[in-house]
Amino acid sequence: MLKFFLGWIDSWSITHSSELTEFEASKTSKDTQIQWLRIIPFILLHIACLAVFWVGVSWFAVWFMILFYMIRMFAITAFFHRYLSHKTFQTSRPVQFIFLLIGTMSAQRGPLWWTAHHRYHHRFTDTEHDPHSSTHGFWYSHVGWFLNQQNFSTRKEIIKDWLKFPEIVWLDRFSFVIVLITAFAIYLLGDWLAFAYPNLGTSGPQLLVWGFVVSTLLLIHATLCINSLAHLYGRRDFDTKDNSRNNLFLSIITLGEGWHNNHHYYAGSTRQGFFWWQIDVTYYVLKAMSFCGLIWAIKPVPQRIYDAHKIHLDSLKNKIEKNSDGGVL
Ligand SMILES: [Zn+2]
Ligand SMILES: [Zn+2]
């Protein structure tokens, strides 16, 4: 029992048998079982949303919710995804730590856990070895995959390049504690504001519910939509072997991650909206950060990718013309 709770505090204290093998290894039924006890915090986060009816609402709490969502979404897309998972730019160790810490506050487990599973997703996209293959249906690719035994541990064999940074390992191990401290700090902030600036109309419980609970839940599900909906709905601008799609709505709520078909075709560029009309807020902010010298070595989209897109469009056009000719005849 003690070991079980220790696993919540230090996620590296529990090693699953499946962690010792690659995804290629055969899975036992135990590996795919949902770990109900371990996902209590995830379930509680959903139930806690009902407290919005009890704590009331204020403009301050709503703006805090939106801003905290956006800051953490940026940390996830820019630093967990484009930096840690794909190494599409470089930065200094302090900037790396600050944004990985903010990303860890998103309650999406640790940065190395996130990166390891994402790298497996790219390596085996939409096959049986993909941790959240869209071939298993919407619910599995959205939430089912990370609630089961086999995907609880950080798969260290695929993130060895980052293990040399003790501070990143620390964030990964104690991610749950960091989330708890974040929630508590937001509660204290609300409590202090109620006393110091009563006309804001907020309070400790109100800011905790809107600024942490609702904001974090929206953030988690928006991120998860990239694994589920971005492999289901949208345009396919590139001919990839997987089901990835480009989706404007998902790009807006995830600050640019919705250009998922682009990303699966070419994951090596910092930019995911390959064209000017493909809104990619994360890229714009990263570009601004590069002007300030906070990050550098941004990787561009190579010309051959644009050429491939043109060839794909031309072949689609030809197919449509052939079909319409057939219809006339
Ligand atoms: Zn990726
Ligand atoms: Zn994907």
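Predicted model: local features only at pLDDT ≥ 70, side-chain atom pairs only at ≥ 80, totals over all residues.

Biologist: How far apart are the end C-alpha atoms over residues 174-195?

Modeller: The UniProt annotation "transmembrane region", from an unreviewed entry, covers 174-195 and 207-226, among others. Over residues 174-195 the chain is 95% helix and 0% strand. The end C-alpha atoms there are apart by 32 Å.

Biologist: Now the metals. Is the arrangement around the zinc ion (ligand 2) tetrahedral or irregular?

Modeller: The donors are NE2 atoms of H121, H231, H260 and H264, at 2.0 to 2.1 Å. A tetrahedral site needs all angles between 85 and 135 degrees. Here the four donor atoms subtend angles of 95 to 151 degrees. The arrangement is therefore irregular.

Biologist: How many residues apart in sequence are the parts that H121 and H231 tie together?

Modeller: The donors of ligand 2 follow the spacing H-x109-H-x28-H-x3-H. H121 lies in helix 6, and H231 in the loop between helix 10 and helix 11. So the pair ties together parts whose separation in sequence is 110 residues.

Biologist: Are H121 and H231 buried or exposed?

Modeller: Buried means under 20% relative accessible area. H121 has 0%. H231 has 2%.

Biologist: How many residues apart are the parts tied together by H86 and H263?

Modeller: Both H86 and H263 are buried. H86 lies in the loop between helix 4 and strand 1, while H263 lies in helix 12. So the pair ties together parts with a sequence separation of 177 residues.

Biologist: On to salt bridges. Which residues are linked with R82 in a network?

Modeller: R82 meets E257 at 3.2 Å, N to O. R82 also forms a salt bridge with D280, with the closest N and O atoms 3.1 Å apart. R82 and E257 are buried, and so is D280. The residues linked with R82 are E257 and D280.

Biologist: Does R173 count as buried or partly exposed?

Modeller: R173 meets D10 in a salt bridge of 2.5 Å, N to O. D10 is buried, with a relative accessible area of 10%. R173 has 29% relative accessibility, so R173 counts as partly exposed.

Biologist: Last, the rings. Is the pair of F79 and F89 edge-to-face or stacked?

Modeller: A search of the whole structure finds 23 aromatic pairs. F79 and F89 are 5.5 Å apart, centre to centre, with 85 degrees between the planes. Planes over 60 degrees apart count as edge-to-face. The pair is therefore edge-to-face.

Biologist: And how many residues separate the parts tied together by Y83 and W162?

Modeller: Y83 and W162 form a tilted pair, 5.3 Å centre to centre, with 50 degrees between the planes. Y83 lies in helix 4, W162 in the loop between helix 7 and helix 8. So the separation in sequence is 79 residues.

Definitions and conventions:
Residues numbered from 1 in each chain as written. Chains lettered and ligands numbered in written order. Heavy atoms only, no water. Donors = N, O, S within 2.8 Å, 3.2 Å for Na, K, Ca; no water. Tetrahedral: all angles 85-135°; square planar, octahedral: opposite > 155°, others 65-115°. Helix = DSSP H or I, 4+ residues; strand = E, 2+ residues; numbered from the N terminus. Buried < 20%, exposed > 50% of the residue type's maximum accessible area, 1.4 Å probe, protein only. UniProt positions renumbered as here; feature names shortened; annotations may be inferred. Phe/Tyr/Trp six-rings, centres within 6.5 Å; stacked < 30°, edge-to-face > 60°. Salt bridge = Lys/Arg side-chain N within 4 Å of Asp/Glu carboxyl O.
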